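Here is a short report on one helix and the strands around it. Please look at the packing first, then at the strand pairing.

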Amino acid sequence: MKLVLVSCCAPCSAGAIKQLADGKIPNVDAFVVLFFNPNIFPADEYQKRMNEQIRYCDAHGVRHVELEYNHDAWRNAVRGMEDAPERGPRCSACFGFRFARAAQWARENGFDAVASVLGVSRHKDQAQVDRAGATACNADVCYVPIKWDDALRVQIGRASDFYRQNYCGCEFSIRKV
């Protein structure tokens, strides 16, 4: 399987990247880390997270791809849900929007599966992320719900000097932090 790992930030993805790079996930022949996060606001926050993701991937010799930052398109995808609570319909729409673009990129670039770390934060609902991924992907690019090693993620995080944030990136959740 050629896998696209959808990542929101280095602190959330580090453990998954290590597992993939070390061959700890069965049936994965190749992978790429995909940074597609038009939900992150403001733009300087987006840039900090993207730079940190690139730094981590480069330090470990892991291929990464950064897609376009189109915050207006993301806002259109969640229009009318601005006041929805965390883990509510806005999050489902956000995940669906990002997975649809990830699946498109995967298809166009010869990858056949998508997985993510979007649900590893205690602020997110893994089942909600998995539903959005499964809905956005289809037969030619499947969504693979992987249970990542949380202890490894925490261990790497404690040993790192990662830039850390205290919200998912969404401008509507930042108001509640």
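The buried residues of α5 pack against α4 (89–108), β4 (113–116) and β5 (142–143). Contact here means heavy atoms within 4.5 Å. Helices (H or I, at least four residues) and strands (E, at least two) are DSSP runs, numbered from the N terminus. The model is predicted: local features need pLDDT of at least 70, side-chain atom pairs count only at pLDDT 80 or more, and totals for chains, interfaces and linings use all residues. Residues are numbered from 1 along each chain as its sequence is written, and side-chain values use heavy atoms, with hydrogens and water left out.

Helix α5 spans residues 126–136, and its buried residues are Gln128, Val129, Ala132 and Gly133. Seen down the axis of α5, they fall within an arc of 135°, so they line one face of the helix. That arc is taken over the directions from the helix axis to the C-beta atoms. Arg131 and Thr135, on the other side of α5, are exposed. Buried means under 20% relative accessible area, exposed over 50%, partly exposed in between (1.4 Å probe, protein chains only).

At the start of α5, a side-chain oxygen of aspartate 125 comes to within 3.0 Å of the backbone nitrogen of alanine 127.

Strand β4 is covered on both faces. Ala113 and Ala115 are buried on one side, Val114 and Ser116 on the other. Its pairings follow; two strands pair if DSSP finds at least two bridges between them.

| Pair | Sense | Bridges |
|---|---|---|
| β1 (residues 2–7) and β4 | parallel | four |
| β4 and β5 | parallel | two |

Valine 6 stands opposite serine 116 in β4. Alanine 113 stands opposite cysteine 142 in β5.

Terms used:
A polar contact is a pair of N or O atoms within 3.5 Å; within protein, one must be able to donate a hydrogen and the other to accept it, and residues adjacent in sequence count only if both atoms are side-chain atoms.
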